[in-house]
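Me: Could you walk me through this model? I'd like to ask things as they come up.

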Amino acid sequence: MTTTPEATGAVAVLDDSFHVFDTTLRDGAQREGINLTVADKLTIARHLDDFGVGFIEGGWPGANPRDTEFFSRAQAEIDFKHAKLVAFGATRRAGGSAAEDPQVRALLESGAPVITLVAKSHDRHVELALRTTLDENLEMVRDTVSYLVGQGRRVFVDCEHFFDGYRANAEYAKSVVRAAHEAGADVVILCDTNGGMLPAQVTAVVATVLADTGARLGIHAQDDTGCAVANTLAAVDAGATHVQCTANGYGERVGNANLFPVVAALEIKYGRQVLPEGALAEMTRISHAIAEVVNLTPSTHQPYVGVSAFAHKAGLHASAIKVDPDLYQHIDPERVGNTMRMLVSDMAGRASIELKGKELGVELGGDRALVSRVVERVKERELAGYTYEAADASFELLLRAEVEGRARKYFRTESWRAIVEDRPDGTHANEATVKLWAKGERIVATAEGNGPVNALDRALRVALERFYPQLAKFELVDYKVRILEGKHGTESTTRVLISTTDGTRDWSTVGVAPNVIAASWQALEDAFTYGLLHAGVEPAE
């Protein structure tokens, strides 16, 4: 979709021939575990506008104070460059009039230029939920739409439970679409509210409704069958020109059609421009930024934007990718702001190691013997319980040690110990002591922490920060423990993954040992070593 200036020339607006409509702030916020503040909603709205969606549904003004405040602040605080703000509400109550309905008035008072009305299109819902007649429901649609249009608002109508209603009573479901269209609704959206449809079914229904009503149609798909994105695209194939989605597929139950795969498919696979020029390259960043705001870890395996979306593990794949990345990738990941990654594991071959070395900036010089040694080293280590798929920093240190003929050392460990003291009052004390050598000097340091690993981390810092002040920036941000199956009886091996940041870059390291503290020490050593290496510090030993 191209962008054209409004009459004032001040703001670029999206061509109206196709709508990308986002409902993260309303429908997406119904996901279990999401609880958005007004500030959160404002931040997400800015991200969505930057991405270039045409419409942002902000919530239901009048239904709760938070949404009412959002509309007031959004219009005062956000200079929308691409999107129109949309208020969501319902048709007027049975037996009343739209002009006198309080919630309809709240929609107008929100100041939103576009209003989405939810209307019942399933006959049983009309009779059992609304407790009114089928004819009165049609009048509620006509009255509310025509009134809001008369007040200068653009109106979209969501036909709730449309597909289930169509199965039960196709003529009535279509009569709701006609009523909305004839009253002045710009778009009538067919909603798969229960998420039970399949793509071929959606295509057939949308094509029939389009032919029988003449209305402009949109699609709103829930993901209960795992088909929300496919159903959305199936509706487009049948003639729908308005797609409703949520960022990262957030939504009630298992979620909604995911905004990012939908727009990527439309732009890349269909060749239809639905975002401003260059916006698609921001997709991965926008996806992850919104995930941070809602405080949910980004899905690593999400299509297009997940960190694993273009990750390759098998040696056969790596060999082909070395010749041409397109042989095992359906698109260039840079088109959506992502990157290709090579995963190093016991499945790795020489090509995987060569590509991973290039990715990490370690020159292998085409040395086949060196690469073969690294492959065997990785397989040997993984057999012992190590994994490098999620520990690039530890793998880089292993790779550099093979290339340089020795491991990088910023300190040498003489010994360490961690003590956990169980006190009579039920509290615990954690203390660690480390004995190290750095720059020719022996250091003994002790520190307390809120756990034995935290105590070791602090003791390392106490010992080394005067030699390496860069350590003050390092912060442990994630810690994972996995107990690996033992070979005999109660024997077990512990794998620890640690993620560290210096405020600019994040890195992950791995340690494996018979107990969790020893494994943690290994991961901490690698974390400190890698951080100092990339801070430009020369090794002391």
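Reply: Let me begin with H9, in which Ala228, Asn231, Thr232, Leu233, Ala234, Ala235 and Val236 are buried, where buried means under 20% relative accessible area, exposed means over 50% and partly exposed lies in between, with a 1.4 Å probe and protein chains only. The helices (H or I, at least four residues) and strands (E, at least two) are DSSP runs numbered from the N terminus.

Me: Before we go on, what kind of model is this?

Reply: This is a predicted model, in which local features need pLDDT of at least 70 and side-chain atom pairs count only at pLDDT 80 or more, while totals for chains, interfaces and linings use all residues. Residues are numbered from 1 along each chain as its sequence is written, and side-chain values use heavy atoms, with hydrogens and water left out.

Me: Back to H9, then: how many of its residues are buried, and what covers them?

Reply: Seven of the ten residues of H9 (residues 228-237) are buried, so that the helix is mostly covered. The cover includes E8, helix H8 (199-213), strand E9 (217-221), strand E10 (242-245) and helix H10 (259-269), with contact taken as heavy atoms within 4.5 Å.

Me: And what follows H9?

Reply: Glycine 239 follows H9, and its phi is positive, near 120°.

Me: Which strands close into the barrel?

Reply: Eight strands do, in the order E3-E4-E5-E6-E7-E8-E9-E10, and their pairing is parallel; two strands pair if DSSP finds at least two bridges between them. From one strand to the next the twist averages 25°, where axes are lines fitted to C-alpha atoms, for helices over the stretch in contact, and angles run from 0 to 180 degrees between N-to-C directions.

Me: How many bridges join E7 to E8?

Reply: Strand E7 (residues 154-160) and strand E8 (residues 187-192) run parallel and are joined by four bridges. Cysteine 159 has leucine 190 in E8 as its bridge partner.

Me: What does H1 lie across?

Reply: Helix H1 (residues 38-51) lies across strand E3 (19-22) and strand E4 (55-59), and runs at about 170° to E4.

Me: Switching to helix packing, how do H5 and H7 cross?

Reply: The axes of helix H5 (residues 134-150) and helix H7 (residues 170-183) come within 8 Å and cross at roughly 25°. The two helices are therefore roughly parallel to each other, given that angles under 35 degrees count as roughly parallel, over 145 as roughly antiparallel, 65 to 115 as roughly perpendicular and the rest as oblique.

Me: Which residues make that contact?

Reply: On the H5 side they include Leu134, Leu138, Val141 and Val145, and on the H7 side they include Tyr172, Val176 and Ala180. By class, the contact has ten nonpolar, three polar and one charged residues, where Ala, Val, Leu, Ile, Met, Phe, Trp, Tyr, Cys and Pro count as nonpolar, Asp, Glu, Lys and Arg as charged, and the others, Gly among them, as polar.

Me: Is serine 110 buried or exposed?

Reply: Serine 110 is buried, with a relative accessible area of 8%, and is found in the loop between H3 and strand E6 (114-120). Leaving aside neighbours within four places in sequence, serine 110 is in contact with Pro61, Phe71, Gln75 and Ala87.

Me: And where is serine 97?

Reply: Serine 97 is found in the loop between strand E5 (84-90) and helix H3 (102-109), and counts as partly exposed at 26% relative accessibility.
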